[in-house]
Amino acid sequence: MTITEEGVTRSMALLCANAALDKKAKNLVVIAVREVSSFADYFVVCSGTSDRQVQAIAASVQEQMKKSGFLPIGIEGESNAKWVLMDYGDVIVHVFYEPVREFYDIEKLWADAPRMEVAENIFELKTLDVGMML
């Protein structure tokens with residue numbers, strides 16, 4: 001991977017995170033999984049407090065990514081809005097209905113990976129923490 005590709009991947013993760021924050025996503029976490037996974041560089045994980053909010057967050061991510069020229073490889077779970085998974089190749093977005101997120105606890109699967117938890121009072125990320133750089 002070249003430096004340019006790494007920069008694009010970071011930008012994609014930030015774009016997804018900010019699109020989710022724009023719809024007031026809860027408990028947003030960015031996980032750098034590149035060193036522990038062969039299929040992605042970043043996970044963006046967040047929650048909504050209702051199925052409507054989950055759908056709004058997912059729609060916001062899709063809209064912002066499309067505006068920036070990124071189309072998903074696949075999207076699963078939009079219709080029931082309990083867990084929407086959006087695969088953008090190097091960045092995978094998980095939008096959960098909060099009780100479903102607690103049940104599956106996927107962050108625990110990636111406990112060894114660097115993570116950046118976003119405080120509830122943050123409405124936009126300018127950059128990823130230094131430990132999150134690939």
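Me: Why does Cys16 count as buried?

Reply: In this predicted model, Cys16 has 0% relative accessibility. The cut-off for buried is under 20%, so Cys16 falls on the buried side.

Me: What makes Cys46 buried or exposed?

Reply: The relative accessibility of Cys46 is 1%. That value is under 20%, so Cys46 counts as buried.

Me: How do you know whether the sulfur of Cys16 is bonded to the closest cysteine sulfur?

Reply: A disulfide needs two cysteine sulfur atoms within 2.5 Å. The closest cysteine sulfur to that of Cys16 belongs to Cys46 and lies 9.6 Å away, so the pair is too far apart for a bond. Cys46 is likewise in no disulfide, its nearest cysteine sulfur being that of Cys16. By this rule, the count is 0 disulfides.

Me: How do you know which way strands β2 and β5 run, and how many bridges join them?

Reply: Strand β2, residues 42-48, runs parallel to β5, and 7 bridges join the two. Pairing requires at least two bridges, so β2 and β5 count as paired. Phe43 has Ile92 in β5 as its bridge partner.

Me: What makes β4 and β5 a pair, and in which sense do they run?

Reply: Strand β4, residues 83-87, is joined to β5 by 5 bridges in the antiparallel sense. With at least two bridges required, β4 and β5 therefore qualify as a pair. Trp83 stands opposite Phe96 of β5. The two strands form a hairpin with 3 residues between them, and Gly89 in the turn has a positive phi of about 80°.

Me: What is the order of helices and strands in the protein?

Reply: There are 4 helices and 6 strands. From the N terminus, the order is α-β-β-α-β-β-β-α-α-β.

Me: What share of contacts between residues at least 6 apart in sequence joins residues at least 24 apart?

Reply: That share is 61%.

Technical notes:
Residues numbered from 1 in each chain as written. Predicted model: local features only at pLDDT ≥ 70, side-chain atom pairs only at ≥ 80, totals over all residues. Heavy atoms only, no water. Buried < 20%, exposed > 50% of the residue type's maximum accessible area, 1.4 Å probe, protein only. Contact = heavy atoms within 4.5 Å.
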